[in-house]
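Hi,

Here is the structure I promised to send you. Please open it beside this email, so that you can follow along as you read.

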Amino acid sequence: MDEVSRLRTMFSRILALFRRRALDRDLDEELRSHLEMAAEENRKRGMSHEEARRRAMRDFGGVTQVRETVRMREGVPFVENLRRDVAYALRQMGRAPGFAAVVIITLALGIGANTTVFSIVDAVMLRPLPYAQPQRLVEAQSSGMGSFSAEDVSYPDFFDWRRQNRSFERLVSYHDASFTLTGVERAVHLNGQVVSWDLLPLLGVSPELGRGFRPEEEKRGSRVVLISHALWVSQFGSDASVVGRTIHLSGDAYTIAGVMPASFRFPVVEPKTSFWTTLAMDDDANDHHPAVGNRGMHFLNVIGRLKPGVTVARADADMKAMAAALAKQYPDSNTGHDSAEVQSELTALLGDTRMLLMVVLGAVALVLLIACGNVANLLLARAREREREMAMRSALGANRGRIVRQLLVESVTLGIAGGVAGCALAFLVTPAVLRLIGESVPRAADAGVNLPVLAFALLVSLVSGVLFGLVPAVTAAKADLLSTLKEGGRGDIGGHHRLGSLVIVGQVALGIVLTAGAGLLMTSFVKLTHKDEGFNPNQVLMFNFETPDSRYMKTRPAFYREYFERLRALPGVQSAAGSMLPPMTDNAAELSFENPEHPVPEGQQSNATVDAISPEYFHTMQIPLLMGRDFNDGDDLKSTQVMIVNQAFAEKYFHGENPLGKKLKPGAGNGTPGGPPWREIVGVVGNIRASATQREMQPMQYLPASQLALWCCMRTVMRTTVDPMSLEPQVRNLVSSMDRDIPVTDVSTMRDLMGLELAQPRFAMILLGAFAGLALVLTVVGLYGVMAYSVARRTREIGVRLALGAQRGTVLKMVLRDAAVLVGVGMAIGIAATLASASVLQSMLYGTASRNPLVLGGVCGVVAFAGLVAAYVPAMRAAGIDPMRALRAE
Amino acid sequence: MGEDKSDVLQGTLDLMVLKTLETMGPQHGYGIARRIEQISEQALRLNQGTIYPALLRLRQRGWIRADWGTSENGRRARYYSLTKTGKAQIEKETESWERVAATMARFLTVQ
């Protein structure tokens, strides 16, 4: 046969796949007409009607065989077989719709949950960052002993890194900044980023209008911005002529260099960034010690693009060596920053979230395993009912491979049906889950059921179809043909039951692991929400506005004094105060301090969290004043420089001594020459939790904002007697009446802020709780199924026992004991697995150990009880068997 | 795409079908089967049904075509006829068959 014929044959076969129905009709008609013609001729030769037909059939040979052979060769044999098997599988499903429904619902729950979680994992972890060659982007951090802000980098260190490194094509610093845009209709507050000039070349992104920054725009005095597409639309009416225009940000004039595309996001976790400017703004001519020259000011993030061929590990080693050398060269400022760390940008971005997502993904995979266990058990039970059918097929010449294939096609068909239902479920559920996650997981908002997610669902369906189908299929293929047929399909295949029991044991074990995990997260969450914050978070409103240096450098203390006076006079306001870094705002800073009683070399001084506050802050927050006094309006630049510490600070640094009257030198200048002043401790206050998920109370130092004229700006904390949010309009009016160019931002209640901080633990708890509940229900249903099936199988045996005088109570106990053994073994394995895997959850727990006997005990109790309930109904049925009927039925 | 194992027999049947269509013109399956039976004078006892896989094979290669028509006694039947490539193919197939037959004949007389 030549090539052309071969190609034509292939083409014709593929075409046939789509014309099955028409081809079948034609073939049937052709064969019928053949037989009729043959019969007619036979009749003409004098045969009887019946004889003529019989003869025609005989001459033809096997009509069915010919039809099947032609059908098979018309199309692609593999596809034709599959088509036949699937059709058969669908018929089987139709024959037992209840069974099919239970299987499909079980799978839909398992696959739906997996698809939902995977859609989030896909958006958060798998999608590449929206930059050119994102796999070469890394985050470089400083590290070292001591404080939590050790990871931030100072400008001089960054400049040295940029100059000396051998691993990066480019290295870019960035930090956030907020400004007020004035000169537009209504002053607006904007969030922006201060970056090195080559951010855009590093990311491989270009502006949609105008140009990027130039190297010389890092120099002192340069003021240029790139604005976001959203800002361009909202404030500049999408006017293409904005490029080159001058705008006013917090009183300074900036030139717009370009507009970024709508899709541009940097940093990825801060989608609301409105502008980017160069680090020239940290080089203020008015400041005699600007940030760009201050090696002790650690506040930068650093992103880098690796040179081609350089690995993250090599860059990490390179940076570590450089950081160590800098620490030797500048011991005063860099002793606490003597190392560095390089991580892939995506890893750095995700942080602990990666672990959280992996735990959720693992949990949901366990749910699917349990669901597959249930379906496998259902199929095993059904395989027993179908033993006769299988034996018959086998007797009629189907080989074992054929039967296994048929059964696998059936289970995969079920799997795919479950997968389709699961995708529909995921489609419905994903929005709700995304609402639950809120902004607590970066990039989660981009999640959706898309092509990769559907591919994942299909893969999961296929794998689970094979997984739960393989066991019954292999068992069926092993079935002993003769004995099955002889016993009329009632013979017992012991393997079935043992397999079913194994599956149950596994399910119980997995159920324990999941429920214990969920139990721990719930315990932890209850602890988080019920613990003492150290202040009263109810009825507190917080908001922010800034007082730009350009106009308030000198008058800031006076402005705040007047502002708070007027604010406290508003009806509904009980008290009000200011704080630069109030709790629950994800803002914190540390300050080193000098202690004359324990002198240490510079660079190794202790650090403690710091806040600059107005008088009445403790009163407003209801933080108890334990010793001494609060700040008051008398604490100004001319009076004695003072500070207040919290209890944890007093205990750590003045253990057993009276801290009042002691003098420390926190490293904060107040604008007077000669560096930071000595400050006298005038009060000790109670500890507070700076974030809702903070594990321990930190030592803290409070400085009076009125003695830090250079520091800007305080958030307002206001305790109200009415609904806090109802005061928002009055607050806005008050501030704009004092300065119409100051917009009020970030208005929210303390409770809402705490809710935001708890979003991640809450969502972890709810998801894991839901999965554990699902797992428990599936396990109970599975156990019930296996026990009910076992009782049905043993009807005759139990009948004999009862006929021979066994008590019904004994039968009841026997069945319950069987169930108890299964649950008990599963539980033991589950407990062992839980204890072994406990450390996985460690980083997600607060206020509870990851091996919590109370939780584990409670979980076992719940599972045992659920198991008992599941076994009780079949046990009652067993005890209720009528011996006469049971024996007669055989 | 599995082919039959006995390629020689298959080729023989294919050539018989093609030759039949060449001499008799368009013909339905039954007619072709009867003709082959008559020509081979019952020497070749084939089940009539076996020609249907052969007809399919030839059709898939594009050597014959099938059209529905009406038989002499008014019955709907599928008529097969040679295509242009089919006609050309007869020559090739005949040649190759004769070569095989000649080789076989030589083998059997060599003794």
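Below is what turned up in it, from the whole chain down to single residues.

One thing to keep in mind from the start: this is a predicted model.

**The whole chain**

Chain A has 890 residues, and 42% of them count as buried. Its secondary structure comprises 29 helices and 21 strands. If you draw a box along the principal axes, the C-alpha atoms fill roughly 130 × 80 × 55 Å. The radius of gyration of chain A is 38 Å, whereas a compact globule of 890 residues would come out near 29 Å. Now look at contacts between residues at least 6 apart in sequence: 81% of these join residues at least 24 apart.

In soluble globular proteins, nonpolar side chains tend to be buried together. Here, the largest nonpolar core holds 166 residues. The residues with the most contacts inside this core are Val367(A), Leu768(A), Phe771(A) and Ala775(A). Both domain 3 (353-530 + 759-889) and domain 4 (546-742) of chain A supply at least three residues to this core. Another core, of 56 residues, lies apart from it and includes Phe158(A), Phe179(A), Leu199(A) and Ile227(A).

**A strand with two partners**

Next, find strand E8 (residues 275-278) of chain A. Phe275(A) and Thr277(A) point one way from this strand, while Trp276(A) and Thr278(A) point the other way. Which are they, buried or exposed? All four residues are buried.

E8(A) runs parallel to strand E3 (residues 188-195) of chain A, and four bridges join the two. In that pairing, Val195(A) has Thr278(A) as its bridge partner. E8(A) also pairs with strand E5 (residues 224-227) of chain A, this time in the antiparallel sense and over three bridges. There, Thr277(A) stands opposite Val225(A).

**One last residue**

Leu90(A) sits in helix H5 (residues 77-95) of chain A. Why does Leu90(A) count as partly exposed? Leu90(A) has 14 other C-beta atoms within 10 Å, and because a buried residue needs 20 or more while an exposed one has 12 or fewer, a residue in between is partly exposed. Leu90(A) is also 320 residues away from Glu410(A) in sequence, yet their C-alpha atoms are 7.8 Å apart in space.

Happy exploring!

Conventions. Residues numbered from 1 in each chain as written. Chains lettered and ligands numbered in written order. Predicted model: local features only at pLDDT ≥ 70, side-chain atom pairs only at ≥ 80, totals over all residues. Pairing = 2+ DSSP bridges. Core = buried A, V, L, I, M, F, W, Y, C linked by C-beta atoms within 7 Å. Domains from an automatic or database assignment. Rg over C-alpha atoms; globule rule 2.2 N^0.38 Å. Contact = placed C-beta atoms within 7 Å.
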